[in-house]
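Q: Could you take me through this model step by step, and show me how each kind of feature is read before we look at the case itself?

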Amino acid sequence: MEDAYSGLGFAPVIVDPRLAPRGDQFTNAFQEDQFRKARDGWEDFREPGEPDDAPAPVIDMNTEIPDTNVGFKLLQKMGWTKGKGLGRNEDGRVEPVKTGVDAGVRLGLGKQEEDDHFTAAELIERRRLETEIQANEDEERRRRREAQAEREARIREEVTEIKKTFYCELCHKQYEKAMELEEHLSSYDHHHKKRLAEMRAMQNNRTREDRVRKEAKAMEREMAKLTQQAQRATQAA
């Protein structure tokens, strides 16, 4: 039994017979059946006459699928011939689809072509900065650039002037459309800030009136003192 497992590369699993009542997966028979299933899976790639306990072959992308493979047989039933392309006219793919491989790193399907495209010599040249272009521009291009800059500045000014119509100075919010402004003016947020501003204005007016009244009373007291001093000075003379 141990010799039969040598081709798998791992030691046989020793199952404690006391664990058998817990389920079939704890029995020796179950482990032997799992081994047979794993061994039978390698039969498609085993040469005829090769012993069952032979080690499994190393399979990579360059290994051809043998004619005993299920997929190979299905393709033959559908009319495919080994060595010819897929499709009714046999003009399709001959080799299996392979992923891009670069320096030992496996890439996704189509990734290698994408990397080759973006790393091509004609595409990796740095794009010149606007300052570099302006340093070497001619008179015609300079006039076009200045005219374009003036036109864009004029458009920005006009847009800013138009937007002032849809600006709420109380909330300091800018809107693009009249409907948006009307919706804002009828909102709770706008009315709340409006009431708060009115209350602050009333408080400031009340405070200002109180201050003026206090200043007037202080002035009256000061005038009364001056009048009394003048009367005493007159009486003393």
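Q: Which residues form a nonpolar patch on the surface?
A: In soluble globular proteins, nonpolar side chains tend to be buried together. In this predicted model, however, a nonpolar patch on the surface is formed by Val-70, Leu-74, Leu-75, Met-78 and Leu-86, which together have about 480 Å² of accessible area. Val-70 belongs to helix H3, which covers residues 70–77, and with a relative accessible area of 56% Val-70 is exposed, the cut-off for that word being over 50%.

Q: How many aromatic pairs does a search of the whole structure find, and why is the pair of Phe-72 and Trp-80 called edge-to-face?
A: The search of the whole structure finds one aromatic pair. The ring centres of Phe-72 and Trp-80 are 5.4 Å apart and their planes stand at 85°, so the pair is edge-to-face, given that planes over 60 degrees apart are put in that class. Both Phe-72 and Trp-80 are buried.

Q: Which residues make up the largest nonpolar core?
A: The general idea is again that nonpolar side chains tend to be buried together in soluble globular proteins. Here the largest nonpolar core has five residues in all, namely Phe-166, Cys-168, Cys-171, Tyr-175 and Leu-181. Phe-166 sits in the loop between helix H6 (139–163) and strand E3 (167–168), and Phe-166 counts as buried because its relative accessible area is 18%, where buried means under 20%. Once neighbours within four places in sequence are left aside, the contacts of Phe-166 include Lys-173, Gln-174, Tyr-175 and Leu-181, while Leu-181, judged in the same way, is in contact with Thr-165, Phe-166, Cys-168 and Tyr-175.

Q: Is His-184 buried or exposed, and what does His-184 touch?
A: His-184 lies in helix H7, residues 178–185, and is buried, with a relative accessible area of 6%. Not counting residues up to four places away in sequence, His-184 touches Cys-168, Cys-171, Lys-173, Tyr-175, Asp-189 and His-190; of these, Cys-168, Cys-171 and Tyr-175 are also among the residues of the largest nonpolar core.

Q: How many salt bridges does the structure hold, and where do Arg-142 and Glu-139 lie?
A: The structure holds twelve salt bridges. In one of them the side chains of Arg-142 and Glu-139 meet, with 2.0 Å from N to O; both residues lie in helix H6, three residues apart, which is about one turn of the helix. Arg-142 is partly exposed at 28% relative accessibility, and Glu-139 is likewise partly exposed, at 41%. Salt bridges that share partners join Glu-139, Glu-140, Arg-142, Arg-143, Arg-144 and Glu-146 into one network. A further salt bridge links Glu-137 with Arg-141, with the closest N and O atoms 2.7 Å apart; in this pair Glu-137 counts as buried at 18% relative accessibility, whereas Arg-141 is partly exposed at 25%. The side chains of Glu-161 and Lys-164 also meet in a salt bridge, at 3.5 Å from N to O, and Lys-164 counts as exposed at 52% relative accessibility.

Q: What is the phi of Glu-90, and what is the phi of His-172?
A: Most residues other than glycine have a negative phi, and most peptide bonds are trans. Glu-90, which is not a glycine, has a positive phi near 55°; Glu-90 is found in the loop between H3 and strand E1 (101–102) and is partly exposed at 34% relative accessibility. His-172 also has a positive phi, of about 55°, without being a glycine; His-172 lies in the loop between E3 and strand E4 (173–174) and counts as exposed at 59% relative accessibility.

Q: How many helices and strands does the protein have, and what share of its residues count as buried?
A: The protein has eight helices and four strands, and from the N terminus on these elements run α-α-α-β-β-α-α-α-β-β-α-α. Of its 237 residues, 10% count as buried. The protein exposes about 20300 Å², of which carbon and sulfur atoms supply 53%. Among contacts between residues at least 6 apart in sequence, 21% join residues at least 24 apart.

Note on methods: Residues are numbered from 1 along each chain as its sequence is written. This is a predicted model: local features need pLDDT of at least 70, side-chain atom pairs count only at pLDDT 80 or more; totals for chains, interfaces and linings use all residues. Side-chain values use heavy atoms; hydrogens and water are left out. Rings of Phe, Tyr and Trp (its six-membered ring) pair if their centres lie within 6.5 Å; planes under 30 degrees apart count as stacked, over 60 as edge-to-face and the rest as tilted. Buried means under 20% relative accessible area, exposed over 50%, partly exposed in between (1.4 Å probe, protein chains only). Patches are made of residues with over 30% relative accessible area and no salt bridge: like charges are joined within 9 Å, nonpolar side chains (Val, Leu, Ile, Met, Phe, Trp, Tyr) within 5 Å. Accessible areas come from the Shrake-Rupley method with a 1.4 Å probe; for residues, only the protein chains shown count as cover. A salt bridge is a side-chain nitrogen of Lys or Arg within 4 Å of a carboxyl oxygen of Asp or Glu. Helices (H or I, at least four residues) and strands (E, at least two) are DSSP runs, numbered from the N terminus. A nonpolar core is a set of buried Ala, Val, Leu, Ile, Met, Phe, Trp, Tyr and Cys residues joined through side-chain atoms within 4.5 Å. Contact means heavy atoms within 4.5 Å.
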